[in-house]
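Let's walk through this structure together, one piece at a time.

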Amino acid sequence: MLLIPSSSANCSLSFGESSQRYNLFSTAEITPASTDKFERRLERIVRELARLVMQRTIQEIESIHRDQTVSSFDLDGESYRRNRRTANTIDTRFGPISHERWYFQNT
């Protein structure tokens with residue numbers, strides 16, 4: 001069974017649960033209100049999935065291993081050295097995502 005992991009209880013649905021909700025929608029009387037409710041639920045699920053894909057993609061950009069990351073670099077005449085990993089939150093179109101990245105300190 002495909003699980004959609006989530007930090008939000010509203011979007012944590014398995015594929016089976018999603019199918020069940022679809023079946024409830026399609027077998028009940030279809031009204032503008034029931035269609036709107038179904039669309040809003042579906043939108044929450046799709047947005048949460050997009051947020052998780054975005055978070056995973058950002059997390060994989062930079063290696064977590066110290067030996068696989070540059071120890072220092074120069075930029076615009078300034079020197080920077082690798083210091084430590086820091087937690088960050090980014091607001092995206094799909095909601096906030098969390099990731100850790102290397103902090104470089106100006107030397």
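Predicted model: local features only at pLDDT ≥ 70, side-chain atom pairs only at ≥ 80, totals over all residues.

**A walk through the fold**

Is Q55 buried or exposed? Its relative accessible area is 17%, and because buried means under 20%, Q55 counts as buried. Setting aside neighbours within four places in sequence, Q55 is in contact with I97 and S98.

Helix α2 lies across β2 and β3, and it runs at about 15° to β3. The sheet itself is open and built from three strands in the order β1-β2-β3, with antiparallel pairing. At its edges stand β1 (72-75) and β3 (95-106); each has a single partner strand, so one side of each is left without a neighbour in the sheet. From one strand to the next, the twist averages 50°.

Now look at where β1 meets β2. Strand β2 covers residues 78-92, and four bridges join it to β1 in the antiparallel sense. Here you can find L75 opposite E78 of β2.

Stepping back, the chain contains two helices and three strands, which follow one another along the sequence as α-α-β-β-β. How much of the chain is buried? Of its 107 residues, 18% count as buried. The chain exposes about 8,200 Å², with carbon and sulfur atoms supplying 52% of that area. As for contacts with a separation of 6 or more, 45% are between residues 24 or more positions apart.

Terms used: Residues numbered from 1 in each chain as written. Heavy atoms only, no water. Buried < 20%, exposed > 50% of the residue type's maximum accessible area, 1.4 Å probe, protein only. Contact = heavy atoms within 4.5 Å. Areas by Shrake-Rupley, 256 points an atom, 1.4 Å probe, with all protein chains shown as cover. Pairing = 2+ DSSP bridges. Axes fitted to C-alpha atoms, helices over the stretch in contact; angles between N-to-C directions.
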